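Here's a quick briefing on one protein model. Have a look at the structure first, then read on.

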Amino acid sequence: MKIDYEAVIQGGGMVGLALALTLARAGLPVAVLEAHTPRRWRREDPVDQRVSAISVASERYLGRLGAWADIRRARACPFHGIHAWDGEGGGAIHFDAHRYGEPHLGHIVENRLIQTTLWQHLSRHDNVRLMVPGSVEGWDAEPEGLRVRLNDGGECTTRLLVGADGARSRLRELAGIGHSVRPYGQHGVVGTVWPEHHHGGIARQRFLPTGPLALLPLADGSCSIVWSCPEAQATELLELPEARFREQLTQASEAVLGPINACGPRAAFPLRRSHARRYIDRRLALVGDAAHTIHPLAGQGVNLGFMDAATLAEEMLAAHERGRDPGGQAVLQRFQRRRLGANHLMQTGMDAFHWLFANDLPPLVVLRSLGLSLTDRLAPAKSLFMARAMGLSGELPALARPHPQTG
Ligand SMILES: Cc1cc2nc3c(=O)[nH]c(=O)nc-3n(C[C@H](O)[C@H](O)[C@H](O)COP(=O)(O)OP(=O)(O)OC[C@H]3O[C@@H](n4cnc5c(N)ncnc54)[C@H](O)[C@@H]3O)c2cc1C
């Protein structure tokens with residue numbers, strides 16, 4: 001059987017494109033099938049509603065792919081501090097990168113900018129086929145690979161099919177991989193807002209009994225918000241006239257940056273935790289939101305996805321270099337072993353946090369506020385939290401470890 005591509009990746013979101021670029025740069029032929037033509041990021045456009053807190057580990061990985069410098073130059077806001085406080089009990093915690101000798105804790109970047117940059121880098125490689133609109137209809141297993149049927153009636157062969165097609169992954173469904181879904185009972189209201197005062201490079205989060213409210217710093221001094229709240233409240237917030245919305249936001253943020261003077265369009269996304277029962281099948285792997293989704297309160301979703309992509313690529317390339325099958329079972333099992341437990345641990349930690357702060361039982365309120373204030377004074381505990389926030393805890397794929405370009 002002649003193999004056309006070492007990997008066929010369904011989903012040209014941030015995670016699928018990062019994986020494709022990693023493999024393409026190492027000389028492996030790859031195909032990416034994306035359902036929709038990505039809307040290009042343009043400097044003259046206002047900041048997009050969907051942004052992500054990109055961890056230091058993800059920054060290093062994107063640096064290794066040669067994409068980070070372009071993203072950073074285009075529009076990314078570094079943040080050197082995180083300030084989180086309890087809206088009910090009064091406890092607070094503050095992280096400052098400078099006190100630990102770090103320049104920053106992460107960057108806030110528009111998702112579309114990351115996607116556009118990766119797409120541009122990929123289109124420079126002649127071992128990559130980008131199919132839009134493209135998707136997989138089905139496949140047949142053969143001894144050395146899969147024969148994949150495509151939506152345009154064509155077919156191709158590959159050693160590995162990768163589902164990077166998001167939370168509602170069709171590939172996961174076609175492979176018959178079950179997944180658990182638990183809605184948080186919240187929606188995340190997002191948008192850009194202009195508070196009276198400059199954010200000073202600090203990401204802020206207030207924990208309210210209805211859900212956390214994050215004010216994430218943007219390069220022009222404005223903030224991107226993620227206001228997690230029950231669905232009915234989210235609908236109300238979307239429908240409010242702008243002035244009333246600004247008032248409510250000023251109040252909910254305790255005017256930490258002064259009154260909110262202006263705001264852009266708002267949108268809301270349902271928040272749910274999901275986890276695939278397994279990440280692999282015969283010659284098939286799931287990465288990113290196709291494998292797991294998590295509450296955005298710690299801004300970890302796409303960062304976990306990038307670590308999936310870097311780990312899968314690392315295992316595939318190691319096998320390829322030794323003349324072994326990069327889509328074989330040994331590669332897939334090592335990938336699953338390295339990522340499933342780590343992602344599960346992060347999900348569980350976030351759920352505990354979410355439960356603790358979404359609760360207004362008086363004893364709990366007192367305890368958690370005490371806990372926050374105590375942790376704030378305990379240097380070792382703080383270092384642990386900081387390492388988590390920067391994506392530097394646990395076993396990192398080689399592509400996310402320090403390297404000369406990004407430090
Ligand atoms: C409100 C909110 C705030 C968030 N904030 C953060 C944050 O601060 N930091 C962070 O790390 N994460 C954050 N996340 C999570 C983050 O947005 C996701 O984890 C990330 O977008 C997942 O990327 P992905 O590439 O895996 O999937 P997606 O972005 O969903 O991309 C999947 C791609 O596959 C394509 N596709 C789907 N089906 C098919 C098909 N059948 N055929 C072909 N193509 C298909 C889609 O068009 C899409 O391009 C947040 C999420 C929410 C909801």
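Two strands count as paired if DSSP finds at least two bridges between them. Helices (H or I, at least four residues) and strands (E, at least two) are DSSP runs numbered from the N terminus. Keep in mind that this is a predicted model, where local features need pLDDT of at least 70, side-chain atom pairs count only at pLDDT 80 or more, and totals for chains, interfaces and linings use all residues. Residues are numbered from 1 along each chain as its sequence is written, and side-chain values use heavy atoms, with hydrogens and water left out.

**Strands and hairpins**
- S9 (residues 136-142) and S10 (residues 145-150) pair up antiparallel, over six bridges.
- Glutamate 142 sits opposite glycine 145 in S10, and a hairpin of two residues links S9 to S10.
- S10 also runs antiparallel to S11 (residues 155-163), joined by four bridges, with arginine 149 opposite glutamate 155.
- Four residues lie between S10 and S11 in their hairpin, and glycine 153 in that turn has a positive phi of about 90 degrees.

**The second largest pocket**
- A pocket is an open set of points on a 1 Å grid over the protein atoms alone, where a 1.4 Å probe fits, with protein on both sides within 12 Å along at least five of seven lines; lining residues have an atom within 4 Å of a point.
- This one holds about 300 Å³, counted as the space filled by probe spheres set on the points, which are joined across faces, edges and corners.
- Its lining has 17 residues, and Leu304, Arg339, Ala342, Ser393 and Gly394 are the closest to its centre.
- H9 (329-357) and H8 (301-321) each supply at least two lining residues, and H9 gives the most, with five.
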